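Okay, thanks for coming, everyone. Let me put the model up on the screen and walk you through a few bits of packing.

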Amino acid sequence: MTSRADRVFAGLLRSYSARTRARFGTAMHHAFSCELDRARAKGRRATFMFWCVTVIDTIRFAIADRAGGLTMRGMLTVDWRDAWRAVRAAPIVTLFAVVSLALGIGGVTALFTILNSLALKPLPVRDPDRLVLLGETPSSGNPSGDTSWTNPIWEAVRDRQQEFSEGAFAWATDKFNLSSTSASDMVEGLWVSGSLFEVLGVSPMLGRTVRASDDVRGGGPDGAVAVIGYGFWRRRFGGNPGVIGRTLTIERVPFTIVGVTPARFFGPDVGGVFDVAIPLGTEPLVRPRNHALDGRSVWWMNIMARLKPGVTAEQATAQLLALQPEIRQATMPPGRSADARQKYLADPFALVASPQGRSPLRRQYGAPLTAMLWVVALVLLIACANIANLLIARASSRRHELTLRLALGASRFRVARQLLAEGLLLAAGGALLGAVFAAWGSRAVVAQLTTFAATVRLDLGLDWRVLGFISGVSAIATILFAVAPAWGVSRLSPMEALKEHGRSSSFERRGSIRQATVVIQVALSLTLVVAAGLFTRTFFALATRDAGFTRGGLLLVNANVDRNPVAGLERSALFERLGDAARSVPGVSAAVVSFTTPIARAGMNTMIAVPPGSALSQRERMTWVNVLSPGWFGTFGVRLSAGRDFDSRDRPGSPGVAIVNRTFERRFFGGRPALGATFTTVGPSPGSGHPVYEVVGVVEDAVYRSLRAPMEPTVYLPLRQWDGPPSVATIAVGAAAGSWSGVAKDVAAAIAKEDPTAVLSFRSLDEQINAALTQERLVAALAAFFGILGLVLSAVGLYGVTAYAVVSRRAEIGIRMALGASTDGVVRLMLRRIAWLVGWGVLLGACLSAWASTFVRTLLYGLEPRDPVTFAGSALVLAAVAAFAAWLPARRAARIDPMTVLRDW
Amino acid sequence: MSKTDISAPLKPAVFHILLALADGPVHGYAAMQRIRERSGGSIRLSTGSFYRHLSKLLDEGLVEEAAGPAGDDPRRGAYYRITAPGRQVLARERDRLAALVAALDALRPASRRGRA
């Protein structure tokens, strides 16, 4: 029986000489098989290391074997010294080669490092291979773990966990306010079930972790307890071991710190690091009036389980599916239609293998970062083409020396090795510098991901995957740029050393390799410029999109009044009073209250009742809802096109009123004016108990939640009539002076005076919008940076090729000029060939871009992947840069003095 | 082809290969295992390096192929044993080391006194 490993090794063995293979081949294979079995028994990492060692070992000794008498040591010393001398002889060329390699290698490695920690690294817990996420299998497609669950579902799963797993746990991320005043002091919070640490196998660094006995409603025997993360412990408590037993105020409730987790544990979500973890059971303490533990339609947590040893995720899913009917039946969300109830019961649970944990970031950034990885790989290829050119040029100028060596009896292998050694030196320099650049670059990119809403932290440490990647990439790069000149040696003849000297045509015949590299470089850089064009245009399209509201200038104050016992209409009135308090602050020009603000994460929707026989699908009947105080439209710059704004007439008890946007009018009133008409909603009415709403105003469309989405129907309802407001609302504050930096403190004080229990957090509307564009901004910036880099590298390459052509055709040009060729004619002569090459490159590049851009369709906004303007513009930019890069040396050709040339000839 | 110089100290790898074969004929992988065990894991010859040294020793006649036990698994490859010249090399290395040890032993009292 031959396995794949055996075949691979048999292939490796072929690198030995036939004699050695005949003598020891079988025995070597035997040794390999035995060692492989040993390594496999030790685990995946050992197996990987064994393969690395085997490949290196085989190559090393196969070279020694084939090179006959040459010992490894002799090879190392002699060649390196010569190579070092050659590399040092042209410091500018070397510097350029090393730096461009470093940028390429560093760039791909930086992105790989991020992708590695985001999607490849297993969680730093015991046996991550046995972890599964509870998800669902959609009617079409594969099981997905990206599902949120309610606490009743978790409790139902928890009570049955032994039947399909070794243990299960649930968690939810949140922001906790540690401040005991009205100012906020937000940290990264984690709600955990009592089983989380035990099932993951995370032992505390200090004290203890949260136990099952702590996860009881209202707190366990030790009361409300909290476990803090290592980073938080160092930051807040200076790493003081006496922190155990101290009190931490979370949302103004005292918690006792019982333990600190180790530094490497960041929580079950990849991308964030928790500061404080508290049991789910303490939620009623933190949110006394509207905790979510019994909420059958509050989807806020994730559930993970550890498979029993030897059980696959499929087997465990089958066991879980047997429990599904009772779990679903017991947790049915209220107020659902018969169809929705049926769907809820039928949606099959699935356990999805998740050794890498869960990561919302992975879904958001996986595709863009992978696209960027390919972009940088193109830059690396261009850099390799450049260096290949440089090395060929250098080998050409040393042609005489190389042929002389051959004539004196050096083997071709030895001379070629000499050139390879130079390439290896450059690659090693590039890889080392690239590793530094990667370490810096990956941190810089991750730092860009953090917004006010989410602090992104990733473990970007080196591991065997990153080291393997950087070595692999460097090796491939070396092969790409160092093999061509070494291969050229095989065409050299020792006789040439005796025949000519000084004036040689070219190292390789007719410079075909160099011409090919020009075409490839142009094609690759066109692709890069197209990518940069598509991504920057996407970003600017989003950043400058007419969102229907005025961007910037507003301070957004999130007010949480959960601690205040008022509810219903009284709570709405309280929000209005908080808004009034903010407006009374000197320097404040406007202060309005709303349930949500544009492009905030919160959203509310409802279904509009339509006449029977309507062509609108269920989905099309949905509309977004926002509830707001009078003056909101003016403050946000949303244009009122008909009717009126809300005012004091719209109070509890008066008829239900609504303002709708243009899209709503078009969709539900079919082009007739909505003003004065009425509509009703399906199911519980949002905002108020009114069954019927009268449209008193129509506003222009404004973006509700996503800058990328098209305008959607939206209904605005008056805050005063809202009988079921949640505990959080946003007060938008405009400053008279245009800047609210000095006003924020006064606003906080004024609101705290009105309601001392309110918990506030601040951000600006700009921050909110910028946070929504983080991904697009990052992708555009990276694409632009590497696009320009690629362009510069290509320009340098073109310059080099033209300059070389000028030098090697110096005599010819001199004669032409002596015979009366004009300066322009000479420049044209030099440019004509380059123009051909660039033309072919652009053609090839356009095809490459047209093919590659379809993969990034989902990342684009407002333009097609094959956007003709971007393609044409990129080709123009590239042609201009290429023309300039080639013109510089071509102009020098025109300055050649025919007399000098003829004299020298 | 450079000869294994028998007057100078043997390379550790060569020494250990000869030592492993001195116990009787063994096949290649078993010899590698013996070396690893005997050196307590401190000497780990890779497959490539082992066979490179072995090839030299064969060429120099210090080691020769030997018949394996009847019915042995042919995949293990040939068996090897040390030759008479090979034993001489080992013996000389033994003498050299013994002389060194003796020289060190002679120093020992002096160094003890020095420390006291």
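Let's start with helix α3 of chain B, where B:T47, B:G48, B:F50, B:Y51, B:R52, B:L54 and B:L57 are buried. Buried here is 20 or more other C-beta atoms within 10 Å of a residue's own, with C-beta atoms placed from the backbone; 12 or fewer is exposed, and in between is partly exposed. Helices (H or I, at least four residues) and strands (E, at least two) are DSSP runs, numbered from the N terminus.

Housekeeping, quickly. This is a predicted model, so local features need pLDDT of at least 70 and side-chain atom pairs count only at pLDDT 80 or more, while totals for chains, interfaces and linings use all residues. Residues are numbered from 1 along each chain as its sequence is written, and chains are lettered from A and ligands numbered from 1 in the order in which they are written.

Back to α3(B). What do its buried residues pack against? On chain A, that's α2 (18-42) and α3 (44-66); on chain B, it's α1 (12-22), α2 (28-38) and β2 (63-66).

Take α1(B): it packs on α3(B) at about 75°, axes 10 Å apart. Axes are lines fitted to C-alpha atoms, for helices over the stretch in contact, and angles run from 0 to 180 degrees between N-to-C directions. So α1(B) is roughly perpendicular to α3(B), a label for 65 to 115 degrees. The residues meeting there are B:A13, B:V14 and B:I17 from α1(B), and B:S49, B:H53, B:L54 and B:L57 from α3(B).

Now the chain contact: 17 residues of chain A touch 16 of chain B, contact being C-beta atoms, placed from the backbone, within 7 Å. On the chain A side, α2(A) gives the largest share, 10 residues.

Over to the largest nonpolar core, which has 112 residues; A:L101, A:V379, A:I387 and A:A783 touch the most other members. By core I mean buried Ala, Val, Leu, Ile, Met, Phe, Trp, Tyr and Cys residues joined through C-beta atoms within 7 Å. Helix α12 of chain A (residues 360-397) supplies the largest share, 22 residues. Domain 2 (74-119 + 365-507) and domain 4 (523-544 + 774-904) of chain A both contribute, so the core lies between them; those bounds come from an automatic or database domain assignment.

Last one: a second, separate core of 63 residues includes A:L555, A:I599, A:V660 and A:F664.

Note on methods. Contact = placed C-beta atoms within 7 Å. Parallel < 35°, antiparallel > 145°, perpendicular 65-115°, else oblique.
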